[in-house]
Amino acid sequence: MGSIAREEVKSVFKAPWVQTPLVESASLSRAAGCRVFLKLENVQPSGSFKSRAMGNQILSHLVKPENANRPVHFYASSGGNAGLAAVCAARSLGYPCTVVVPLSTKPLMVQKLRTAGAADVIQHGETFLEAGEYMRAVVMQSVDVDESPDVAKIALHPFDNEPIWEGNSTIVDELVNQLPPAVGDDEEHTHRGRPLPVDAVICSVGGGGLLNGLVMGIEQHRSMQKRNNKLAVASSTIETDGTNSLAAAVAQNSLVSLPKITSQATSLGAIRVSEKTFQYAISPPAGIAVHSAVLSDADAARGVLRLVDDERLLVELACGVCVEAAVGDAGKAVASSSSSSAVPVSSERKRKRTTEDNPSPDEGYGDDRLSATEKESGAEDSVSSSASTSTSQPLQSKLKQLVPDLNADSRVVIVVCGGSNVTIDSAVEWRKMLQEGWGS
C-alpha cells in the first residue's frame, strides 16, 4: 500500500497508532561518543512499534471493496507484541481479533492480550510459524454460531507484507520533521542531500518488518531529494544469539531457518526473516548501508538496565539489545556486517568507579548515580576516569565497529521498539544475574 493509498485510508479511518516523541539522550550520547536520539515507540497504544505495523495492515483490509459493509473478524499469529497491537488496533476501530500464540508465550502476555480485549487467545506450537499454520488450518475454519455467516475472516501476518512495512515507514516520515536541521559545516559536508540528517539508525530484527519499513521510508525520502550525497545512512540491525535468523542468512548468503529459538528475547523469535529483509541486507538501495550484528542475551539485559537507570524506561530484551549495540564495550570482534559473516559475540565491561566525595551510590536522580553496567560490576569510578573513557579512550561499541567514522557530532537514532512482555521483576532478576557473572 503506497503513500497515496495511505492518505485515502486516513480519510476514512483514524490511524490506530500515534506520533511518538524523539528525544536526545545526554547519558547515552556520552557513553556512545556521538549524539544519540531515542525514537520512543514504546509509547504506542500497544506498547511497541507493532501498532504501526498491525494497524496499517488492518486498515489495508478494511478499505478493500469486498470488506465494505460486512462484519470482519481479524486473526493474528504472534509471539505476543504483534498480537497485542492487532487487538488494540482492531478494537479501536470496532472489530474483534483472535490471537494464536506459541506455547512459549508467557502468561503475562496472554493475560495482556485478554485484558486488551482479544476475542480469544489460543496457544499452540513452538514457533510463530506453527502458531500461524494452526490458526489458518484450524482456528479460522471453525464455525462460531454467534457470528454472522457473512463474516470476513482475515489473517494478519506479524511482519511479512507490504502494508506492515508501509506502516513502519511512518517512523521515517516523523523523523524527517523531528530531527534537528543540519546547519553550517554539518549541512555542507555531512548531511547535504541525505534523506535524513543522521549517520545511522539502529533497530532490532525479528522477522524484518521494522527494518523493511525503515529502509522503504528512507528510500522514499531519498527519491524526493534534489541533491545526491554519496554518504549513506547506515541501518544497523541487531539480533540476540539464538534469534539471529538474519545474521545466519547473511553469513550463508541465502535465506535459512533456525532450528529453534534459544534466546530469551522471544519477541525476536522468527526462525526465518522475510525475503525482502534478506534482499535489503545483502543488496540495500542506493544511499542506505545495512549492517547486521549479534549480541548476547546478557548484552540485551545491560541495554534494558541502561534505559531503566538513565532514561526511566522499561523495555524488552529485544529492544535493550539496540542500546547496548550503540554504547557497549567492543572487546570482541564485530558480530557481522553486510559484507562479512555473523559470529555471535558478547561484551564484557569491567569499568571501576571510585569517588572521594561520594563513596556510596546516589539514591536520587543525580548525575552521579551509577549506570546499570557500573552497578553490575559493583565498583565505582572517578569522574575524571569517566571523562577519559569518553574522550581519550572512547568506547568501541558494536555500532562504531560497523560505522567506524562516527564522531562526537555524528547523529544516531535508536528505535526504542518497546515491548509489553516485561516487568520490573524481570529487570531486577536480570540485574542480579549480571552481578553474579551472567555474560562474563
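Predicted model: local features only at pLDDT ≥ 70, side-chain atom pairs only at ≥ 80, totals over all residues.

Reader: Why is Ser235 called buried?

Author: Ser235 has a relative accessible area of 3%. Buried means under 20%, so Ser235 is called buried at its 3%. The residue belongs to strand β8, which covers residues 233-240.

Reader: Which residues is Ser235 in contact with, leaving aside its neighbours within four places in sequence?

Author: Ser235 is in contact with Val201, Leu211, Ala289, Val290 and His291. Contact requires heavy atoms within 4.5 Å. One of these partners, Leu211, is itself among the buried residues of α9.

Reader: What makes α9 mostly covered?

Author: Eleven of the 15 residues in α9 are buried. Among them are Gly209, Leu210, Leu211 and His221.

Reader: How do you know that the span of α9 is close to the expected one?

Author: Helix α9, residues 209-223, reaches 21 Å from its first C-alpha to its last. The expected value at 1.5 Å a residue is 21 Å, and the span is therefore close to expectation.

Reader: Why does Ala76 count as buried?

Author: The relative accessibility of Ala76 is 1%; the cut-off is under 20%, and therefore Ala76 counts as buried. Ala76 lies in strand β3, residues 72-77. Leaving aside neighbours within four places in sequence, its contacts include Gly83, Cys97, Met135 and Leu156.

Reader: How many residues apart in sequence are Ala76 and His157, and what is their C-alpha to C-alpha separation in space?

Author: They are 81 residues apart in sequence and 6.5 Å apart in space.

Conventions. Residues numbered from 1 in each chain as written. Heavy atoms only, no water. Helix = DSSP H or I, 4+ residues; strand = E, 2+ residues; numbered from the N terminus. Buried < 20%, exposed > 50% of the residue type's maximum accessible area, 1.4 Å probe, protein only.
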